[in-house]
Amino acid sequence: MADDPVNQQQFMQDVAAAEGPDGYINLGDPNNLNMPSLDEVLQLIEQMKDLSEEERENLRENLLKYTQTGTNVVSHSTWDYTIFLAMIILIMVVFVQGEAKTLYSNS
């Protein structure tokens, strides 16, 4: 966009059109804060010019998977649990050794 004066001009016109009389930008009607429908989001994905077909398909797939389950399911792998446990063990080792040194130095 930085090298395209037509897009820059269109952007400046869009910003000027959104600006209210008080100088603030109006990002929409605060009384109408409806989420876009699934079809509207899919149309927006199709209109994105800089996305490859693989990225579009990935977005569509993730969006449809999310809407079918109704929740964003986070799954953790064995590797995630391994790293978590290793970090807990390291923290315990540091504090236990520090506490043991403190106990022995006070005697």
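**Exercise 1. Work out what share of the protein chain is buried.**

Solution. Buried residues make up 4% of the 107 residues in the protein chain, where buried means under 20% relative accessible area, exposed over 50%, and partly exposed in between (1.4 Å probe, protein chains only). Before going on, note that this is a predicted model, in which local features need pLDDT of at least 70, side-chain atom pairs count only at pLDDT 80 or more, and totals for chains, interfaces and linings use all residues. Residues are numbered from 1 along each chain as its sequence is written, and side-chain values use heavy atoms, leaving out hydrogens and water.

**Exercise 2. Describe the fold along the sequence.**

Solution. Start with the count: the protein chain has 4 helices and 0 strands (DSSP runs numbered from the N terminus; helices are H or I with at least four residues, strands are E with at least two). Then read the order, which is α-α-α-α.

**Exercise 3. Is Arg-56 buried or exposed, and what does Arg-56 touch?**

Solution. First, locate Arg-56 in helix α3, residues 53-69. Next, classify: Arg-56 counts as buried because its relative accessibility is 12%. Finally, list the neighbours: leaving aside residues up to four places away in sequence, Arg-56 touches Ile-45, Glu-46, Met-48, Lys-49 and Leu-51 (contact means heavy atoms within 4.5 Å). For Ile-45, the backbone oxygen lies 3.3 Å from the side chain of Arg-56.

Technical notes
Polar contact = N/O pair within 3.5 Å; in protein donor to acceptor, adjacent residues only side chain to side chain.
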